[in-house]
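Q: Hi! I'm new to this one, could you walk me through it?

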Amino acid sequence: MRIIVCAKQVPNTNEVRIDPVKGTLIRDGVPSILNPDDANALEAALTVKDSFPGTTVSVISMGPPQAMFMLRECLAMGADDTYLLSSRAFGGADTCATSTTIAAGIRKFGKFDIIFGGRQAIDGDTAQVGPQIAMRLGIPVITYVQKVRELTEDYVIVERQLEDGYEVIKAKTPCMLTCVKELNTPRYMTIKGVEDAYKAEITVWDEKDVALLPESCGLMASPTQVQKSFTPPPKGKGEMLTGTIPEMTDALVSKLTAKHVL
Amino acid sequence: MVLSEKHELLKNLFRNFAETEFTSDILDELDATNSYNWDIHHKMIQAGLMGCKIPVEYGGQGSDNLAYVLMIEELSRVSPVLALYANTPNSLGAGPILQVGTEEQCKKYLIPSAKGEKIICFAITEPGAGSDAGGTTTTAIQDGDYFILNGRKCFISGAPIADYAIIFAKTDLEAKGSRGISCFIVDMKLPGISLGKDEDKMGIRGYPTGDIIMEDVRVPGDCLLGDLHKGFAQAMVTLDGGRLGVAAQSVGIGQACLEEAIKFAKDRKQFGRRIADFQAISFMLADMATEVAAARELTYNAAVLKDKKDPGAPQAIYMAKYYASEMCNRVAAKALQIHGGYGFVKDYKIERLYRDARITTIYEGTSQVQQMVISAGLLK
């Protein structure tokens, strides 16, 4: 099978702070990592490869040249080859332009069976790029995949996570699946994998390579405009009630009544 | 040292592995039971840790000494004892075979060792031969195609779980001191081999250590490693590799102690402010961080020199081992001091780190032995 994984290099938001004046992320000195949900997507792809010998797992990303570090990590985990869409023309892209570019890259691969992507990236948190790629390629998409029940060359049956349960969906291949962290535990890189990753070539494509006009990508093709970003003020300290359960319940009810919640 | 991207990625792997897998429950259990954790062993195999710097043709991962020290440092930062699990098959266990083994011996012993399927321990120390390895009294007497081994090895890390032991024994009984010693790879299941009790150690608990007793053990001639009567010189070269590992382990322990001390100093309030705001504490932290950084540079540099097969590598390794191990004991003592009474109870990590640090100036050559070899190098 031919499996494609969409991956993004993101700042490790556990270590990111917000500039209180500008409202933007302070990225200086913050390490960049493979987006966590994308690691689940890659693991899902590698699991397919483990059970279907001869499967090729290709990882595609869009980003600056630094994103090669993340792609090397994907190689070290077991991906077969990696592709980076990188060009000044791609800069400033919103999800619309990003999905146009990545879909153009995927078209260049020709035939494929499944695209795995993460549910969303921890920097933007939009969860839009995966479904948009599927739309542009004209293939089915199932988001929030928490379990793969059956996977063949012709179809997949997966569980799609809902807030209060899940639904079981069958889709024909080729299709796109976006993965949540409950799907699996990503494997570690191996030491030899890292050694080999630094002997491997990463293919870099610009807009010409994927047959896009400069005005079809990046900032120029991005309808989204960010007006303002800010950090919401902290809500203040919560109040802890003490006493026996009936005492605490009574206190809670009277407080909620006083606030006209009840 | 500015690491290459490749080494940065390897470091990420090691740190991620240690922080994910070495849970506090596992660390507590290791300390309490002093027994080997096979689950961690098997997880280490999957990430390739057991064969980090063993060549690919012998089942290893084909990486270098710098990757190896990064691995030992990062694993030790979370657990100095679990670092040993990945250390032995890369250093003392594999070293002599890689160095002087025949192609057949390399294939037979290294491949399962690098894959974590078999464990090889390194047995040179005896009750009467510690720093003075020349005082070896274990004997190996040739008998046709066999050698008959008799003697006792002590304080052997991994002996209770080992499949094979690398045993140093006197083959030329007439020769004086460190001469006339040969090296054998011995199957631990051979008749005549027995184990002493597991040592109840102060630190690095969870990697069993014990005696190997040999009574008329018939070892096939093809288990001789390297040249007859030349084992001691070979052992010294292996110990260089092991000492690099201890240096890296010490850096990892020092780093962990520093991090614990910073965290505690920021949390703990006395006289109305956090103790980190007192210069007496903050200057201690400054000294600790500087020493850890210096030891790290010495260690990385020694690893790079070893990778380049630079003639200055052994001396650099002795210095790194000497400095880093002494450093981590100083840093552990200061970190515990910063914790005050809390450092003296087992609820805080520093208590265990302080005990784990203690072995580093002792094993694989005491600090005094390092001083001897460093000065001998200067004065020759």
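Q: Great, what should I know before we start?

A: This is a predicted model, where local features need pLDDT of at least 70, side-chain atom pairs count only at pLDDT 80 or more, and totals for chains, interfaces and linings use all residues. Residues are numbered from 1 along each chain as its sequence is written, while chains are lettered from A and ligands numbered from 1 in the order in which they are written.

Q: Thanks! What order do the strands of the open sheet in chain A take?

A: The 9 strands go E11-E10-E9-E12-E8-E1-E6-E7-E13, with mixed pairing. Strands (E, at least two residues) and helices (H or I, at least four) are DSSP runs numbered from the N terminus, and two strands pair if DSSP finds at least two bridges between them.

Q: Which strands stand at the edges?

A: Strand E11 (165–172) and strand E13 (202–205) of chain A; each has a single partner strand, so one side of each is left without a neighbour in the sheet.

Q: And how do E8 and E12 run, parallel or antiparallel?

A: Parallel: 5 bridges join E8 (residues 114–118) to E12 (residues 175–179) in chain A. One bridge partner of A:Gly118 in E12(A) is A:Cys179.

Q: Which strands does helix H1 of chain A touch?

A: Helix H1 (residues 36–51) packs on the sheet and touches E1 (2–6), E6 (56–62), E8, E9 (141–151) and E12 of chain A, with its direction at about 150 degrees to that of E8(A). Contact means C-beta atoms, placed from the backbone, within 7 Å. Angles run from 0 to 180 degrees between N-to-C directions, with axes fitted to C-alpha atoms, for helices over the stretch in contact.

Q: What about H4?

A: Helix H4 (residues 129–137) of chain A lies across E1, E8, E9 and E12 of chain A, at about 80 degrees to E9(A).

Q: Switching topic, what does A:Val5 touch?

A: Leaving out residues up to four places away in sequence, A:Val5 touches A:Ala41, A:Leu42, A:Ala45, A:Val57, A:Val59, A:Ala79 and A:Phe116.

Q: Last one: how do chains A and B meet?

A: The contact takes 12 residues from chain A and 16 residues from chain B. On chain A's side, helix H2 (68–77) and helix H5 (191–197) each supply at least two residues.

Key:
Two residues are in contact if their C-beta atoms, placed from the backbone, lie within 7 Å.
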